Amino acid sequence: MISIPVQIVCLGVGAEVPGWWLLQGAEDVARYLVALALANQWRVIRVLHMYYVENYSPSVIESVLNIPRSSVRGYVQRINTRVGSQRAHVLLRQLIPKLKTVSPVVNGDKCMLCNRPVDNMPIAAHIILFHKDLVDKATHSILNRVERVERAPAADK
Ligand SMILES: [Zn+2]
């Protein structure tokens, strides 16, 4: 319904050139998304999916999900400042579907890994702060699969 023109950026993947996802910021974005999934924050991931994959505007997302458009812009800004808007679209289109393989470790306001209540800080922040190894492992697992897709000879980009 709302269409934001999305230009596929030149990925610059060559035989000896590291993948564009290794550029500064892309891993940070992947880590943030993984932390959201581990923290069971699927509402935020849904916002990001609507914005980056389905190309809805913040005002449409506000009306559909009942999340203030200022919050939507905040989530988007957090990602765009890391990798830029164009690269963020390409990156999130690949990363978001892979988050389905990440099992949440939070039940309500309780972390099932350490049994600490996590209501005194954003849940994703708790995961990043106290369970860094798990976040690292899941992040690298997902980025490795992006790498394989991007390096496939018949990439349809
Ligand atoms: Zn915990």
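**Nonpolar core**

I looked up the largest nonpolar core first, and it has 46 residues, with Leu-48, Ile-79 and Leu-92 having the most contacts inside it. A nonpolar core here is a set of buried Ala, Val, Leu, Ile, Met, Phe, Trp, Tyr and Cys residues joined through side-chain atoms within 4.5 Å. Buried means under 20% relative accessible area, exposed over 50%, and partly exposed in between (1.4 Å probe, protein chains only). At least two residues of this core come from each of α1 (26-38), α2 (42-53), α3 (58-65), α4 (69-83), α5 (85-98), α6 (123-130) and α7 (132-151). α1 gives the most, with ten residues. Helices (H or I, at least four residues) and strands (E, at least two) are DSSP runs, numbered from the N terminus.

The model is predicted: local features need pLDDT of at least 70, side-chain atom pairs count only at pLDDT 80 or more, and totals for chains, interfaces and linings use all residues. Residues are numbered from 1 along each chain as its sequence is written, and side-chain values use heavy atoms, with hydrogens and water left out.

**Leu-48 and Ile-45**

I listed the contacts (heavy atoms within 4.5 Å) of Leu-48, leaving aside neighbours within four places in sequence: Leu-33, Leu-36, Val-53, Tyr-75, Ile-79, Leu-92 and Ile-96. Ile-45 lies in helix α2 and is buried, with a relative accessible area of 2%. Not counting residues up to four places away in sequence, Ile-45 touches Leu-33, Leu-36, Ala-37, Ile-96 and Leu-99. Ile-45 and Leu-99 are 54 residues apart along the chain, and their C-alpha atoms are separated by 9.1 Å.

**Gly-25**

I then checked Gly-25, which lies in the segment before α1. Gly-25 counts as buried because its relative accessibility is 8%. Beyond its neighbours within four places in sequence, Gly-25 is in contact with Arg-82 and Val-83. From Gly-25 to Val-83 is 58 residues in sequence but 5.4 Å in space, C-alpha to C-alpha.

Cys-111 lies in strand β2 (residues 110-111) and His-131 in the loop between α6 and α7, so the pair ties together parts that are 20 residues apart in sequence. Cys-111 is buried at 0% relative accessibility, and His-131 is buried at 11%.
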